[in-house]
Amino acid sequence: VSGCNSESRGALVVLEGLDRSGKTSQSSRLLTYLEGLGHSVELWRFPDRSTNVGQMISSYLSNKSQLDDHTIHLLFSANRWEKRSLMETKLKAGTTLIVDRYSYSGVAFSSAKGLGDEWCKAPEIGLLAPDLVLYLDIQPEKAAERGGYGGEKYEQLEFQRKVAQCYQVLHDASWKIVDACQPIEDIEKQLQELVLECVMACQKGKPLAN
Ligand code: T5A
Ligand code: NA
């Protein structure tokens, strides 16, 4: 028996940051936290490597295939578009989605290669807008020290420096910037507070936006 009214929807919460900033660790901690409170919640990530488009992206990231910068940009975007309607269905049914990377990654990583900002943003128009973006802020040098990069395409210090600069101009009112160099548990606590507040606002009828 649910005490929620039929209008209440789930929250779209996105984690962003450089490679190794701790997104995956914090996403799964948030999942456990919200589940523990009895919320309906799922963990998603982009790229979603399970689809056909996702497999092309995965092959590119692991240097098994080469693609033109524009082409890979549009594939990352297509990978979000192919999940859009399911995302909307879940949110409207009351499920909160914790999403590890989203459109901001798409724009930051491609504009770091030199593609124009406006061109990069265009294919993202019409995707669902996050209710909350948690940006895990870390210096590229510090991120590189964490267990070493694994050899995927973008895991290079020089490139990550450019990505960090591109992220800086993307933030909007939905962003909360969190210092990602604190101990894991401290970050976890801060994220819990921010996410709970957001989940409550969505339950109370905050509209879902494009
Ligand atoms: N990309 C993605 C695009 O170019 N366009 C797009 O549209 C999208 C969606 C995908 C790549 O594709 C690019 C961005 C990426 O380069 P991915 O599979 O998402 O790559 O990989 P990453 O997000 O880079 O995943 P990582 O595993 O590298 O980083 P995370 O998830 O940020 O970090 P996490 O949690 O795995 O932690 C990394 C290490 O740090 C430790 C962890 O234990 C782990 O060893 N750690 C901490 N250590 C100390 N203090 C803390 N607070 C710590 N938190 C975690
Ligand atoms: Na990575």
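N63 sits in the loop between helix 2 and helix 3 (helices, H or I of at least four residues, and strands, E of at least two, are DSSP runs numbered from the N terminus). The model is a predicted one, in which local features need pLDDT of at least 70 and side-chain atom pairs count only at pLDDT 80 or more, while totals for chains, interfaces and linings use all residues. Residues are numbered from 1 along each chain as its sequence is written, chains are lettered from A and ligands numbered from 1 in the order in which they are written, and side-chain values use heavy atoms, with hydrogens and water left out.

N63 is not a glycine, yet it has a positive phi of about 65 degrees. With 42% relative accessibility, N63 counts as partly exposed (buried means under 20% relative accessible area, exposed over 50%, and partly exposed in between, with a 1.4 Å probe and protein chains only). R101 is another non-glycine with a positive phi, in this case about 75 degrees. R101 belongs to the loop between strand 3 (96–100) and helix 5 (103–111), and at 12% relative accessible area it is buried. There is also a cis peptide bond, running from F46 to P47, with omega near 0 degrees. P47 is part of the loop between strand 2 (41–45) and helix 2.

Now for the helix packing. Two packed helices are described by the angle between their axes and the distance between the axes. Here axes are lines fitted to C-alpha atoms, for helices over the stretch in contact, and angles run from 0 to 180 degrees between N-to-C directions. Helix 2 (residues 52–61) packs on helix 3 (residues 69–81) at about 135 degrees, the axes being 9 Å apart. That makes helix 2 oblique to helix 3 (under 35 degrees is roughly parallel, over 145 roughly antiparallel, 65 to 115 roughly perpendicular, and the rest oblique). On the helix 2 side, V53, G54, M56, I57, Y60 and L61 make the contact, and on the helix 3 side D69, I72, L75, F76, A78 and N79 do (contact means heavy atoms within 4.5 Å). By type, the residues of this contact are 9 nonpolar, 2 polar and 1 charged (Ala, Val, Leu, Ile, Met, Phe, Trp, Tyr, Cys and Pro count as nonpolar, Asp, Glu, Lys and Arg as charged, and the others, Gly among them, as polar).

Helix 1 (residues 23–36) and helix 9 (residues 184–203) form another packed pair, at an angle of about 55 degrees and with axes 10 Å apart. Helix 1 is therefore oblique to helix 9. Helix 1 contributes Q26, R29, L30, Y33 and L34 to the contact, and helix 9 contributes I184, E185, I187, E188, L191, Q192, V195, L196 and V199. These residues divide into 9 nonpolar, 2 polar and 3 charged.

L134, in strand 4 (residues 132–137), is buried, with a relative accessible area of 0%. Leaving out residues up to four places away in sequence, L134 touches V13, V14, L15, E16, L30, K176, L191, L194 and V195.

Finally, the sodium ion (ligand 2) is coordinated by D19 (OD) and E155 (OE), at 2.4 to 3.1 Å (donors are N, O and S atoms within 2.8 Å of the metal, or 3.2 Å for Na, K and Ca; water is not among the atoms, so sites may look incomplete). D19 lies in the loop between strand 1 (12–17) and helix 1, and E155 in the loop between helix 7 (140–145) and helix 8 (157–168), so the pair ties together parts that are 136 residues apart in sequence. Both D19 and E155 are buried.
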